[in-house]
Number of protein chains: 2
Amino acid sequence: MVRVAIMGATGAVGQEMLRILEQRKFPCSTLKLLASKRSEGRSFPFRGRLHKVEVLKKTSFKNVDLVLASAGGSISKEFAPVAVKAGASVVDNTSAFRMEKKVPLVVPEVNPEDIRGHRGIIANPNCSTIQMVVVLKPIYDAAGIKRLVISTYQAVSGTGTNAINELIDQTADILEGNPVDCDVYPHQIAFNCLPHIDVFFDNGYSREELKMVNETRKILHDDSIGITATTVRVPVIRSHSESVNVETKKKITVRKLRELLSKAPGVVVVDDLKNNDYPLAIYGEGRDETYVGRIREDFSIKNAFNLWIVSDNLRKGAALNTIQIAELMVRKGWVKPGAAG
Amino acid sequence: MVRVAIMGATGAVGQEMLRILEQRKFPCSTLKLLASKRSEGRSFPFRGRLHKVEVLKKTSFKNVDLVLASAGGSISKEFAPVAVKAGASVVDNTSAFRMEKKVPLVVPEVNPEDIRGHRGIIANPNCSTIQMVVVLKPIYDAAGIKRLVISTYQAVSGTGTNAINELIDQTADILEGNPVDCDVYPHQIAFNCLPHIDVFFDNGYSREELKMVNETRKILHDDSIGITATTVRVPVIRSHSESVNVETKKKITVRKLRELLSKAPGVVVVDDLKNNDYPLAIYGEGRDETYVGRIREDFSIKNAFNLWIVSDNLRKGAALNTIQIAELMVRKGWVKPGAAG
């Protein structure tokens with residue numbers, strides 16, 4: 001049994017963590033809910049008992065073994081090292097440490113062994129990367145991956161609860177013929193597609209696009225994979241969809257591909273076109289699995305195919321993967337930094 | 001001056017044609033509005049005078065030089081040959097004749113000369129193809145195109161006015177907490193993305209995806225271009241967005257690319273990331289131009305880059321391109337079949 005704290009307990013992902021810890025009967029003896037001063041006084045039920053939110057402080061990590069962090073990158077940067085110093089390990093859902101060389105970046109179905117011998121911080125990858133690599137891993141193992149061309153269809157909940165509210169408010173305003181307010185996004189998201197997620201760099205890519213490039217290579221331990229991405233916010237509340245073109249090193253038939261994917265852990269193949277069955281964002285919501293369909297050969301080059309991948313961005317893309325990492329650490333005795341390193 | 005008939009005058013595209021003929025002062029001496037029996041009795045203003053809808057019959061093409069057709073593929077298949085036999089030429093916005101060898105498939109900025117010597121029917125390409133080839137043409141001429149990987153974000157107006165109503169009704173129902181009805185699409189389109197446009201074939205592709213492959217090759221007169229597409233319906237009312245990955249034969253710098261595109265007819269470059277300026281569906285609506293942005297090198301292979309292309313699917317994607325073909329025919333004296341052939 002471990003003593004757990006959620007950092008950012010009142011956000012969209014923190015709330016999802018609370019639900020998942022309960023659903024999966026996570027072996028925690030105590031649970032601390034940490035958030036900013038704004039959330040002081042709020043409380044949330046967990047295992048039939050109300051838990052009060054505590055204001056996050058440098059001293060919050062006393063009697064905590066494991067911190068699940070999702071309060072934003074700058075908060076993680078400030079508080080994760082403090083938690084580690086106090087003897088806890090941190091599974092961090094922000095981008096703060098993901099690309100640091102000595103920080104494992106982990107999807108349990110893909111690279112669980114990377115956690116072994118960690119130094120206190122384990123990073124949870126970006127939502128759009130997680131759902132893609134769960135599907136790519138068996139393909140990578142069977143045929144190698146030469147190049148990926150990705151276009152995403154990402155839900156507003158990836159931005160936070162304020163973005164969900166903005167989409168709903170704008171939609172209502174448009175239906176009623178009222179003018180629209182834009183606070184969270186620079187342009188109207190209702191009935192629109194924004195090819196803009198996170199900040200832009202001088203090379204013309206957004207940070208979200210480069211995350212997909214760099215995190216995928218790190219998780220698969222292969223910097224030779226050619227990757228390019230266009231990440232797009234769409235007026236969907238929950239679950240990201242992705243159109244992924246995969247060029248493999250070796251030939252792999254669609255039949256073999258289906259067979260591989262239908263056996264892959266955490267992956268469900270939904271691909272019955274005769275019955276109009278393919279993965280859909282509205283059906284991904286609240287589910288743990290990553291769904292893949294529209295599996296078909298790409299006839300434009302040798303050894304390539306297209307996939308349509310959908311998963312709940314708040315669950316597998318964030319809270320669930322974080323907790324799956326924590327479960328693995330408990331099961332393997334890897335909770336303490338350096339354990340079994 | 002020519003005598004014009006619109007076949008399918010009461011549909012979303014037919015109505016847009018009516019507006020565009022008036023806006024562009026198309027040199028027509030008479031205008032007939034043809035539609036099915038359902039629309040009998042309706043009338044629409046054109047140049048300050050109400051025009052009554054006539055029920056489409058085999059005898060409708062008397063005293064007509066030019067038919068603009070957008071009443072569905074089966075109607076075109078039945079009536080376009082009748083119109084041609086009666087001495088008229090048909091610019092057909094349906095897919096009925098697009099891939100027939102002797103039928104020109106035309107985007108005026110790209111392959112105007114293909115109209116020369118036509119046999120009465122000129123096909124207007126599919127909406128998602130038109131906006132892409134307008135942008136690709138100058139690139140093709142400058143550097144050649146080896147391969148395209150396309151993912152689309154297509155508006156519901158491409159399906160018709162009933163689909164616009166379905167999106168709006170479903171959206172209102174969801175905001176009010178009511179159950180949702182699906183009539184036009186097999187699944188909910190509100191707050192969702194459907195990787196399904198038109199029917200599916202045994203090879204796993206949808207007809208819309210194969211249209212993008214086959215029509216692009218026909219328009220650019222180059223069957224050697226490798227093309228693969230994933231076409232997706234999104235909860236947007238009007239204007240299609242497209243994420244297009246282009247591999248060229250020769251090296252072309254991003255700087256040169258911008259220069260080429262900014263000079264291309266019918267194309268406007270919108271690509272100022274510092275000011276969050278990129279093409280957006282909501283700003284494409286009602287405009288004649290095709291917008292391109294997010295222009296950036298694809299570092300995953302040699303000689304490739306990514307583009308984000310947006311255009312009004314009812315205008316450049318349908319009604320406008322049809323009328324631009326008609327204008328070209330009038331200007332060049334190509335209205336009569338075989339003229340200057």
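Where does A:Asn126 lie in chain A? A:Asn126 sits in the loop between β7 (121–123) and α3 (127–143) of chain A. The model shown is predicted: local features need pLDDT of at least 70, side-chain atom pairs count only at pLDDT 80 or more, and totals for chains, interfaces and linings use all residues. Residues are numbered from 1 along each chain as its sequence is written, chains are lettered from A and ligands numbered from 1 in the order in which they are written, and side-chain values use heavy atoms, with hydrogens and water left out.

View 1. A:Asn126 counts as buried because its relative accessibility is 4% (buried is under 20% relative accessible area, exposed over 50%, partly exposed in between; 1.4 Å probe, protein chains only). Its side chain makes a polar contact of 3.1 Å with that of A:Glu208. A polar contact is a pair of N or O atoms within 3.5 Å; within protein, one must be able to donate a hydrogen and the other to accept it, and residues adjacent in sequence count only if both atoms are side-chain atoms. Neighbours within four places in sequence aside, A:Asn126 is in contact with A:Arg98, A:Glu208, A:Lys211, A:Glu215 and A:Gly317 (contact: heavy atoms within 4.5 Å).

**View 2. The open sheet of chain B.** Its 7 strands follow the order β3-β4-β2-β1-β5-β6-β7, with mixed pairing. The edge strands are β3 (43–46) and β7 (121–123) of chain B, each pairing on one side only. From one strand to the next, the twist averages 25°. Strands (E, at least two residues) and helices (H or I, at least four) are DSSP runs, numbered from the N terminus. Two strands pair if DSSP finds at least two bridges between them.

**View 3. Strand β2(B) and its partners β1(B) and β4(B).** Strand β2(B) is largely enclosed by the rest of the structure, because 6 of its 8 residues are buried. Parallel to β2(B) runs β1(B), joined to it by 6 bridges. B:Met7 has B:Leu34 as its bridge partner in β2(B). The chain passes from β1(B) through α1(B) to β2(B) in a right-handed β-α-β crossover. Right-handed means that, with the strands pointing away from the viewer, the path from the first strand over the helix to the second runs clockwise. Strands β2 (28–35) and β4 (49–55) of chain B are also parallel, with 3 bridges. In β4(B), B:Val53 stands opposite B:Leu33, and B:Val55 stands opposite B:Ala35.

Conventions
Axes are lines fitted to C-alpha atoms, for helices over the stretch in contact, and angles run from 0 to 180 degrees between N-to-C directions.
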